[in-house]
Amino acid sequence: MDSLSALLVGVAMGVLLQRVGASSPALIARNLRLENLSIIKFMATTIAVGSIVVYLAGLWLPMHLDIRPAYVLGVLGGGLVFGVGFAVGGFCPGTCVVGLGEGRKDALAALLGGVFGALVFTLFFDALLAPVLKMADLGKLTLAGVLHLPAPLVAVALGAVFLAAVAWLPTEPGRSTR
Amino acid sequence: MNAQPETAVAADVVPVRALPRWALLGAVFGLVSAASIALWGPIGVSGTYPRFIGALLRLLAPGYAGANTYLVRMGDFAKPETFLVLGLLIGGFVASRFSPRHAPRVEFIHAGQTSAAARYRDAFLGGVLIIFGARLAGGCTSGHIISGITQLSVAGMIFGAGVFASGILTAKLLQRGGR
């Protein structure tokens with residue numbers, strides 16, 4: 001049952017990513033060069049709507065929340081490495097799968113690179129990486145926990161800030177269009 | 001008689017045009033991501049890569065796979081996330097079938113890039129770095145940035161800041177280098 005709903009969520013996500021252009025590495029590169037902000041604004045809208053819906057619906061419905069631990073060194077270092085790869089290749093781990101579905105050959109190259117990266121990570125995990133990743137672990141921290149405020153309130157506030165930012169920011173900086 | 005269809009078209013088109021594409025699709029994705037959390041859990045993609053490695057190594061080198069802490073921690077390949085990734089493949093295929101434009105086989109993304117071999121090399125290298133980075137951090141664009149920040153996770157915010165800081169810097173440098 002979980003597998004079926006995950007499959008359906010994946011299909012919907014794949015269609016949405018393809019339609020918004022997130023599986024185009026050229027559009028990702030233009031977003032990272034800040035020439036076009038459509039994908040960044042798409043992501044911020046997704047987060048805002050998702051956060052407000054999850055925490056308001058969570059007042060009445062059970063939610064399968066899964067907060068990941070903030071082990072600062074690994075999370076920040078991993079983010080910095082990820083950003084370089086994101087700019088060099090123009091794909092993220094999901095969009096290269098969507099791109100492969102579209103018939104992009106460079107997406108296949110990125111996917112194979114990802115499998116190789118996972119192999120390297122697995123081989124070096126016990127000897128080199130595990131000790132570093134244990135450092136500076138703040139645990140499963142949320143913004144609501146840091147601020148000592150109710151999560152639904154923080155979700156609505158964060159969502160409002162994100163929506164205001166995407167409404168205010170131009171989609172193509174340099175041009176006068178939205 | 002002539003004015004009638006025009007007003008009908010205008011009334012039909014205006015509400016769609018009022019919302020840009022990224023906003024409409026982003027809002028729908030937000031609802032999908034919330035539905036996922038309601039149904040089984042937050043969306044996440046990058047963990048499937050080491051789980052695939054785990055499935056391979058359990059076949060080829062079961063002794064090693066059983067002793068590797070990371071593969072044991074990541075668990076079985078038969079997880080909802082694996083079906084999510086399969087869904088991405090299907091979604092990309094289906095959406096492109098109904099798309100007016102075909103996706104290019106190879107897309108050049110930085111100034112001065114003209115060789116297909118260089119593009120495949122960059123895509124492969126980028127693939128290595130995004131998965132290595134994502135596994136260091138314990139999540140990627142979907143698990144940390146989309147699902148993470150949706151759940152107000154501090155880790156997601158730290159990861160997102162790192163990704164955009166180095167991503168923007170690298171993209172700007174690559175563009176300058178190509179000119």
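Colleague: Where is the kink in α6(A) centred, and about how many degrees is it?

Modeller: Happy to show you! A bend at a residue is the angle between axes fitted to the seven residues ending there and the seven starting there. In α6(A) there is a kink of about 90 degrees, centred on A:Phe125. Do remember that this is a predicted model, where local features need pLDDT of at least 70, side-chain atom pairs count only at pLDDT 80 or more, and totals for chains, interfaces and linings use all residues. Residues are numbered from 1 along each chain as its sequence is written, while chains are lettered from A and ligands numbered from 1 in the order in which they are written.

Colleague: How many helices and strands does chain B have?

Modeller: Helices (H or I, at least four residues) and strands (E, at least two) are DSSP runs, numbered from the N terminus. Chain B has nine helices and zero strands.

Colleague: How many residues of chain B are in contact with chain A?

Modeller: Two residues are in contact if their C-beta atoms, placed from the backbone, lie within 7 Å. Here 105 residues of chain B are in contact with 111 residues of chain A. Elements giving two or more residues to this side of chain B include α7 (116-137) and α9 (154-178).

Colleague: Which residues does A:Phe82 touch?

Modeller: Leaving out residues up to four places away in sequence, A:Phe82 touches several in chain B, among them B:Leu129, B:Ile130 and B:Val163.

Colleague: What share of chain B is buried?

Modeller: A residue is buried if 20 or more other C-beta atoms lie within 10 Å of its own, exposed if 12 or fewer, and partly exposed in between. Of the 179 residues of chain B, 51% count as buried.
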